[in-house]
Amino acid sequence: MNFEVWLAELTFLALAKGISALVSAVSDEDHQAKHEAGYTPAEALGDLVAKRDGTDPVVAKVDQAKADAAKTAEAAPVLDTRSAGVLVAGGDAPADESSVYA
Amino acid sequence: MAQTPRETAIAALFARLVAAAPFNAFPTQSRRLRHWRELVDEQSSRAAVASPVALFPALYVVGARNLRLQKAAEGLPAAWVLETKVYLYNRDATPGAVVETVRNSYLDALEAAIAPDPSTGKQSLGGLVRDVRLGDEILTDEGVLGEIGLAIVPVLILLTK
């Protein structure tokens, strides 16, 4: 099946399911790559739906990493040196620098 | 891309549906749409002059939108989808009758009549078109028409061969 017909079938299937925007959101080059990789139109559509739904393994991995990062940031204690009265490394600069460098 | 003429495609769809049970036993099968109220009126007027005729259930197939696939606008040859609408009417004047029950059986039969060929995964209407699919939403009367059951079913035909 040549690419034109393949793409027509893919778009048709998406149209029947009411998700044609999903197909038009992908570049022709990406569709072409799927075609050359031997995907059937139905498989290519299934792949697009999976990516949209976050069930694609790569997308799912990225989503998980983001969720983990957010959780870590939430759990990390916040050190407020001003309110705790702790001096930051290096200490306060002396009021009169000349006494230091004299 | 070669394309099947629209009229050939819709005529083939109509022929396929009216050959399938239970539609093959419908007293009304047509490509010229009539309002269900007209059928009720005609049935009533015929009965009044002692020449009763059954007009329900009824099946109509009409062409609706012609959809150019979006990607075709981006430098590829045009590929067209013909959206047809299948109208199904049924009627049961028995008090308390649930017309939806029969209507649901018609919808199942319609879906079966245009189901993809298991060996190809497509419905080509005997090799005339690339594929046929039900659209994504079927409209029904939702019970508001009383003794009349109504369904409007979008059927999409990919005309590219």
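Modeller: Contact here means heavy atoms within 4.5 Å. Keep in mind that this is a predicted model.

Colleague: Okay, using that, among contacts in chain B between residues at least 6 apart in sequence, what percentage join residues at least 24 apart?

Modeller: Start with the layout: chain B has three helices and six strands, running α-β-α-β-β-α-β-β-β from the N terminus. Now take the contacts in chain B between residues at least 6 apart in sequence; the part that joins residues at least 24 apart is 65%.

Colleague: And how much of chain B counts as buried?

Modeller: Its C-alpha atoms fill a box of roughly 60 × 25 × 25 Å along the principal axes. The accessible surface of chain B is about 7,900 Å², with 52% of that on carbon and sulfur atoms. Out of 161 residues in chain B, the share that counts as buried is 42%.

Colleague: Let's go to the interface. What area do chain B and chain A bury between them?

Modeller: Accessible area lost when parts come together is often how the size of an interface is given. Here 22 residues of chain B are in contact with 20 residues of chain A. Carbon and sulfur atoms carry 71% of the buried area, and the total is about 1,600 Å².

Colleague: How many salt bridges are there between chain B and chain A?

Modeller: One of them pairs Glu9(A) with Arg130(B), with the closest N and O atoms 2.7 Å apart. Glu9(A) also pairs with Lys122(B), this time with closest N and O atoms 3.4 Å apart. The count between the two chains is two.

Colleague: Why does the pair of Lys122(B) and Glu9(A) join two chains, and which helix holds Glu9(A)?

Modeller: Lys122(B) and Glu9(A) form a salt bridge. Lys122(B) belongs to chain B, in the loop between helix H3 (99-113) and E4, and its partner belongs to chain A, so the pair joins two chains; the helix that holds Glu9(A) is H1 (residues 3-16) of chain A.

Colleague: Which residues of chain A does Arg133(B) touch?

Modeller: Arg133(B) is in strand E4 of chain B, and at 23% relative accessibility it counts as partly exposed. Its side chain makes a polar contact of 3.1 Å with that of Asp131(B). Leaving out residues up to four places away in sequence, Arg133(B) touches several residues of chain B, including Pro116(B) and Val155(B), and from chain A it touches Phe12(A), Leu13(A) and Ala16(A).

Colleague: Now inside chain B: how far apart in sequence are the parts that Arg103(B) and Asp141(B) tie together?

Modeller: The two form a salt bridge with closest N and O atoms 2.6 Å apart, and both Arg103(B) and Asp141(B) are buried. Arg103(B) sits in helix H3 of chain B, while Asp141(B) is in the loop between strand E5 (139-140) and E6, so the pair links parts whose separation in sequence is 38 residues.

Colleague: Which residues do salt bridges with shared partners join into one network?

Modeller: One salt bridge in chain B is Glu42(B) with Arg46(B), the closest N and O atoms being 3.0 Å apart. Those two are four residues apart in helix H2 (residues 36-48) of chain B, so about one helical turn separates them. Arg103(B) and Asp141(B) form another salt bridge. The network made by shared partners consists of Arg34(B), Glu38(B), Glu42(B) and Arg46(B).

Terms used:
Residues are numbered from 1 along each chain as its sequence is written. Chains are lettered from A and ligands numbered from 1 in the order in which they are written. This is a predicted model: local features need pLDDT of at least 70, side-chain atom pairs count only at pLDDT 80 or more; totals for chains, interfaces and linings use all residues. Side-chain values use heavy atoms; hydrogens and water are left out. Buried area is the accessible area (1.4 Å probe) that two parts lose on being put together, summed over both. A salt bridge is a side-chain nitrogen of Lys or Arg within 4 Å of a carboxyl oxygen of Asp or Glu. Buried means under 20% relative accessible area, exposed over 50%, partly exposed in between (1.4 Å probe, protein chains only). Accessible areas come from the Shrake-Rupley method with a 1.4 Å probe; for residues, only the protein chains shown count as cover. A polar contact is a pair of N or O atoms within 3.5 Å; within protein, one must be able to donate a hydrogen and the other to accept it, and residues adjacent in sequence count only if both atoms are side-chain atoms.
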